[in-house]
Amino acid sequence: MYTSFNRSKWTPYLWLLPSIALIAIFVIYPIILVFKLSFSEISKSGVVGKFNGFQNYIDAVNLPAFKTVMLNTLIWVIAVVGLSTVIGFIIAMVLNQKFHGRKIARSILVLPWATSLVIQASVWNYIIKYEYGNLNDILLNLGVIKQAVNWRSSFQIEFIWECGVGIFVTIPFVTFCVLAGLQSVDDSLYEAAIMDGAGFWSKLKNVTLPMVRPSLTVSTVLNIIYVFNSFPIIYTMTKGAPANKTDTMITFLYMLSFYDRKKGPATALSVIGFLILCICAGIYMFGVMRKEEK
Amino acid sequence: MKKLIALLLAVVMVFALGSMTFAADDEIELDVIIAQYGPNTNEWFLGSGMDGTNFVDKFEAENPGIKLNLEVVSWNDLYTVVDTRITNNNAPDILNIDVFANYANDGLLMPVSDYCPEELYADFFPAFIEQSIIDDTVWAVPDLASARAMFYNVDILEEVGVEVPTTWAELEDVSQAIIDFYDGEIYPWGIDMTTDEGQAAFAYYTWGNGGGFVDVDGNWAVNSPENVEGINFALSLISNGYTNPNPATETRYDLQDMFAAGKMAMLIAPNQLPTYVADKGGEINMATAGIPANEGKTGSSVGVMDRIMAFKDDAAPDQAARNEAIGKFLTFFYAPENYVGWVSMEGFLPAVNSAVEALVASDPSFGAWLDVLATCQFYPAAKAEWDQVKQGVIKAEQSALTGADIQAELDALQAELGG
């Protein structure tokens, strides 16, 4: 029995206080700080000067590499999120079937997810290396190729490799989200569908997809955020070289801040990135939730 | 009885606290950030790499009243760590890094004359001190240097039957001969135009053609005809297949690995290359020569120098005592019994005269490198726009690798620099 109305009203907030304090200190305060910095002059060594309006934003948008970087970011997010979702979905369907060694298959799938991205990217760097790369070694020994192939002969190909590694490391996350959704689907629904004469595609469209939509939504929204903000793969494999042609927004703004020492525009870019993510995630969540309500 | 014990405890605690604050008042704390040059740096400063003890313990034992909060930071994170600390008004007292101009121009540094004892100051190589002057003030002291030269695989050149190239034309001929002899299995030459060190490539090919980052008056001249010709020559080496295949992403460590594995015949590398190759288990019969230059031009060795600088701290209660403490730190660091071990540990070249004798005695090859060091050129790191130029020339090179016109790229950079 509560002793007073006030206590019952405030007790839950009291319990939430530590979490709120942590979020305020480590999430909200830095965000406010970055917003403030993005409207300030910042010297090359990082000394914060006076308020300078939207100058940092104007400088950022006028950078010669800005368009390339934005286009790369768009390709990177769509390719990695899109393909990893499709492939992850298919793998989840397979893993949801009963077969021998299913548990082992599931554990193997976690491995790329459990390894740090820097290590993954470094390992792939070695795999596709021209001189002593494992890929060339294996293909040469198998007799598939007669001469070592330069797997990184142009920046377009390097960017495709980076997207490939991005997809590879993202698949496990999608698979497990979808697998969790699939396991919650009641078998009786499929039985009913079969009774109604539904085939594979029909079952997929009318039973599976609607039932896993919530988990798919969560995995896609989180993925958009993770992939957009993903730094280690591109930084480890190319550092955006040649001349920012393989940069995405996150690696670009890091290099801009700490290599080019244009800290003002870099801060402005990070705010732009934050807003883009908020808008993308917002639209997506809004759209999906409205569909679910229908 | 309980009350008495409690009272006693309280009295003891008050005294303990009192004496602690007293000690803290009397003691000067220096935040020191040291760049990590190799696997031994950490051990030497903080572990047991200094004959069983370490720099911090030994320094504090010899200099009571000064406490060092010393941090060894990897080069990968160094700029991020320092800049973030500056933004948060928490700059270190002493910093070891390569650049200094931005810090000096922002008014963050103290002039060296404020804290460096005269005897020590006179010990530095004058040519090194000159590299850290802005507006007639010395803002940093050199901590060590390295020099670059051409290394070649003696066995490969002998097998092919060619002489060591000294000019660009000879370099092309030798490269073609190596390609023909080994059927393209061995790269004749190494080029690194990566984001890490593409500015070094710019220096090698422009200085070797009478150009460079600045003109004779010290003004930026990145788009001079000599520079364009020099970079075009480097690009032609790549397009003719004389070099490693991906110069935009293969760092000098990748090149050194290829050299250590016997896959590369010649490259420009720092004086530590023999140690590096030995550490990698490579057994390469190597020798050094001057960096090839264009016909009729003199090649110039490239010197790379790092620095130690001290930041202002207006909040320090006793400025004179703080300056003296920083001076003691430097005196201790450069004392031959400490400094010689430090420089030779990672295979660098010294920055003070007092270390030369001991170093040459321990390794005769040092003598030859010191001669190289005496004639080499340095990056114009004292100029405020150096970061912009460094990144600008790297981007220009990388754009040229993807087909852009180097003249147009360098013109654009020069225009950005206001000339």
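Predicted model: local features only at pLDDT ≥ 70, side-chain atom pairs only at ≥ 80, totals over all residues.
Chain A contains 12 helices and 2 strands. Along the sequence, these elements follow the order α-β-β-α-α-α-α-α-α-α-α-α-α-α. The radius of gyration of chain A is 24 Å, well over the 19 Å that the globule rule gives for 294 residues, and chain A is therefore more spread out than a compact globule. The C-alpha trace of chain A spans about 85 × 70 × 30 Å along its principal axes. Of the 294 residues in chain A, 32% are buried. Among contacts in chain A with a separation of 6 or more, 67% join residues 24 or more positions apart.

Chain B is assigned two segments to each of its domains: residues 2–146 and 304–378 form domain 1, and residues 147–303 and 381–416 form domain 2. The C-alpha centres of domain 1 and domain 2 of chain B are 34 Å apart. At the boundary between them, 20 residues of domain 1 of chain B are in contact with 16 residues of domain 2 of chain B. On the domain 1 side, two or more residues are given by each of H5, strand E4 (133–134), strand E6 (141–153), strand E10 (302–310), helix H17 (365–375) and strand E11 (377–378) of chain B. H17(B) provides the largest share of this side, with 4 residues. By class, the domain 1 side comprises 13 nonpolar and 7 polar residues, with no charged residues.

Between the chains, 26 residues of chain B are in contact with 21 residues of chain A. Helix H4 (75–87), helix H5 (101–105) and H18 of chain B each contribute at least two residues to the side of chain B that touches chain A. The largest share of that side, 7 residues, belongs to H18(B). The side of chain B that touches chain A has 13 polar, 8 nonpolar and 5 charged residues.

Within chain B, helix H18 (residues 386–401) also packs with helix H10 (residues 198–207), at an angle of about 80 degrees and with the axes 8 Å apart. H10(B) and H18(B) are therefore roughly perpendicular to each other. In this contact, B:Gly198, B:Gln199, B:Ala201 and B:Phe202 of H10(B) meet B:Lys390, B:Val393, B:Ile394, B:Glu397 and B:Gln398 of H18(B). The residues of the contact comprise 4 nonpolar, 3 polar and 2 charged.

Terms used:
Residues numbered from 1 in each chain as written. Chains lettered and ligands numbered in written order. Axes fitted to C-alpha atoms, helices over the stretch in contact; angles between N-to-C directions. Parallel < 35°, antiparallel > 145°, perpendicular 65-115°, else oblique. Contact = placed C-beta atoms within 7 Å. Nonpolar A, V, L, I, M, F, W, Y, C, P; charged D, E, K, R; others polar. Domains from an automatic or database assignment. Rg over C-alpha atoms; globule rule 2.2 N^0.38 Å. Buried ≥ 20, exposed ≤ 12 C-beta atoms within 10 Å, placed from the backbone.
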